[in-house]
Amino acid sequence: MSARILLGGILPVVIALQGCSRTEDSDPVSLVSDDVEYFDLSAYENAEADTDRNSISGTWVGSWRYRSDYEDPGESALSGSPEFFARLDIMIIRSTADGYEISNCNVSDKSGKFVTATLNEGYLTSGRGQFNISADNRLYPPEVTLEGISNIYDVRFATTAEGEFLKVSDSTAPIGNYTADWSGDDNNFSGDIYCAQLDNLQGGTEHRFSFGSDDGTHFTMTQRPLISDFDVQINDALNELKYERNAGAGEYQLGLYDIDTSGFTFDFSTSADSVTTRTSVGQGTVTIPLP
């Protein structure tokens, strides 16, 4: 029986995780592959220069580098070379009566809701982890190293990531919008997008895309099936409907168009089977505010 395990991406909730940090004596692990196109934040430096450097409120763009190493002691075919991917991460930080909050596409329940953040001297701490705030108002999350064993497939893995964020706008408005329809009943849903993640997968031609809305709606789909928890996840908070599948070729479709530094458009569709009886279609736009 073939197992589906994590190769690159946010770790699925079926896995028991243990945090792990490198020591000064440990060998450095390369997070860069010649087979991945990485996102260059220098394209946003002109926009960064026009922002208020004394405030963290606004729209932030981050660039991540991910690497996953894995081993299956029972099925050697699942053990192989490291898997790499790059991520463009767009999030909103906004002030509240109690401090700050960050839009979050990384939470375990796959929600796009905002999470509370606390600002201390040089640090911003939230459900997204603790960010160092540099003197020039950039955010540096700690290097993430996670390792564990799948509760289902007995697969050992280690995933390492590092990233950097810069502010491109003082705006805390939505960065896009989406509309979607379910088949059957009149269960349409739409809303504003407050966080988005675009992954460049190994090989350079295919992507994984996620977005979240502040009502809890979350969407994730990949253009190439990965060995992960789900190839498609749609959590429609408005209608309380979910679609989660490890799908095969032709069972879903993700289109990404006009990708550049200012954003992109997307559309998607899903099919049905005996378990997931509904189909869905949708489209939307992600826009990075630039001067």
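A: One aromatic cluster is formed by Y178, W182, F189, F209, F211, F219, F264, F266 and F268. Rings of Phe, Tyr and Trp (its six-membered ring) count as a pair if their centres lie within 6.5 Å. Planes under 30 degrees apart are called stacked, those over 60 edge-to-face, and the rest tilted.

This is a predicted model, where local features need pLDDT of at least 70 and side-chain atom pairs count only at pLDDT 80 or more, while totals for chains, interfaces and linings use all residues. Residues are numbered from 1 along each chain as its sequence is written, and side-chain values use heavy atoms, with hydrogens and water left out.

Now the pairs. A search of the whole structure finds 15 aromatic pairs. One of them joins F131 and F165. F131 lies in strand β7 (residues 129–133) and F165 in strand β10, so the pair ties together parts that are 34 residues apart in sequence. Strands here are DSSP runs of E with at least two residues, numbered from the N terminus. F131 and F165 are both buried. Buried means under 20% relative accessible area, with a 1.4 Å probe and protein chains only; exposed means over 50%, and partly exposed lies in between.

Two strands pair if DSSP finds at least two bridges between them. Strand β2 (residues 58–71) pairs with β10 in the antiparallel sense, over 13 bridges. In this pairing, S63 has E164 of β10 as its bridge partner. Strand β8 (residues 138–140) also runs antiparallel to β10, joined by 2 bridges. There, R138 has L166 of β10 as its bridge partner.

F268 lies in β19 and stands opposite L254. Strand β19 (residues 263–270) pairs with β18 in the antiparallel sense over 7 bridges. Both belong to an open sheet of 5 strands, with antiparallel pairing and the order β12-β11-β20-β19-β18. Its edge strands are β12 (188–193) and β18 (252–260), and each pairs on one side only. On average, neighbouring strands of this sheet are turned by 10° against each other, direction ignored. The axes behind that angle are lines fitted to C-alpha atoms, and angles run from 0 to 180 degrees between N-to-C directions.

Rings can also sit under a charge. R94 lies over the face of F114, at 3.6 Å from the ring centre. R94 also lies over the face of Y194, at 5.6 Å from the ring centre. The test asks for NZ of Lys or CZ of Arg within 6 Å of the ring centre and within 35 degrees of the ring normal.

Last comes the disulfide, a pair of cysteine sulfur atoms within 2.5 Å. The structure holds 1 disulfide. It links C105 and C195, with sulfur atoms 2.1 Å apart. C105 lies in the loop between β4 (99–103) and β5 (114–120), and C195 in strand β13 (residues 195–201), so the pair ties together parts that are 90 residues apart in sequence. Both cysteines, C105 and C195, are buried.

Methods:
Helices (H or I, at least four residues) and strands (E, at least two) are DSSP runs, numbered from the N terminus.
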